[in-house]
Amino acid sequence: MTKGSYSEAAQLEILEDQYAIVLINGRTLIEELRSMARDDHGGDLSACIDHVLNGQETAVTNRRPEEILLQ
């Protein structure tokens with residue numbers, strides 16, 4: 001996890017090395033979590049986070065870096 005940004009060259013290196021990375025703006029993450037909590041958990045942010053962290057029994061999918069990077 002990083003709080004910074006990275007260059008296109010770094011993104012290409014990650015792709016070549018097969019390391020998947022997703023950049024998510026912290027504010028966007030919080031807004032989405034609050035929305036999910038409001039819509040699905042009666043506004044209870046802790047219950048929403050617990051559901052997100054513990055609600056998946058198996059991984060949804062495994063994707064190669066080129067499927068998600070440089071889009």
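Before we zoom in, what pLDDT does the protein average, and what share of the residues score at least 70?

Author: Happy to. Keep in mind that this is a predicted model. The protein averages a pLDDT of 77, and 63% of the residues score at least 70. Among its elements, helix α2 has the highest mean pLDDT, 92, while helix α4 (residues 65–68) has the lowest, 66.

Now for the salt bridges: searching the whole structure turns up two. Let's start with the pair E31 and R27, whose closest N and O atoms are 3.7 Å apart. That counts because the cut-off for a salt bridge is within 4 Å. Both residues sit in helix α2 (residues 26–40), and because they are four residues apart there, about one helical turn separates them. As for how open they are, E31 is partly exposed, with a relative accessible area of 48%, whereas R27 is exposed at 63%.

The other pair is D39 with R38, and here the closest N and O atoms are 3.5 Å apart. D39 and R38 are both exposed. Why would such pairs form at all? Side chains of opposite charge can pair when their charged atoms come close.

L45, I49, V52 and L53 make a nonpolar surface patch of about 330 Å². Of these, L45 lies in helix α3 (residues 45–54) and is partly exposed, with a relative accessible area of 32%.

How values were computed. Residues are numbered from 1 along each chain as its sequence is written. This is a predicted model: local features need pLDDT of at least 70, side-chain atom pairs count only at pLDDT 80 or more; totals for chains, interfaces and linings use all residues. Side-chain values use heavy atoms; hydrogens and water are left out. A salt bridge is a side-chain nitrogen of Lys or Arg within 4 Å of a carboxyl oxygen of Asp or Glu. Helices (H or I, at least four residues) and strands (E, at least two) are DSSP runs, numbered from the N terminus. Buried means under 20% relative accessible area, exposed over 50%, partly exposed in between (1.4 Å probe, protein chains only). pLDDT is the predictor's confidence in each residue, from 0 to 100. Patches are made of residues with over 30% relative accessible area and no salt bridge: like charges are joined within 9 Å, nonpolar side chains (Val, Leu, Ile, Met, Phe, Trp, Tyr) within 5 Å. Accessible areas come from the Shrake-Rupley method with a 1.4 Å probe; for residues, only the protein chains shown count as cover.
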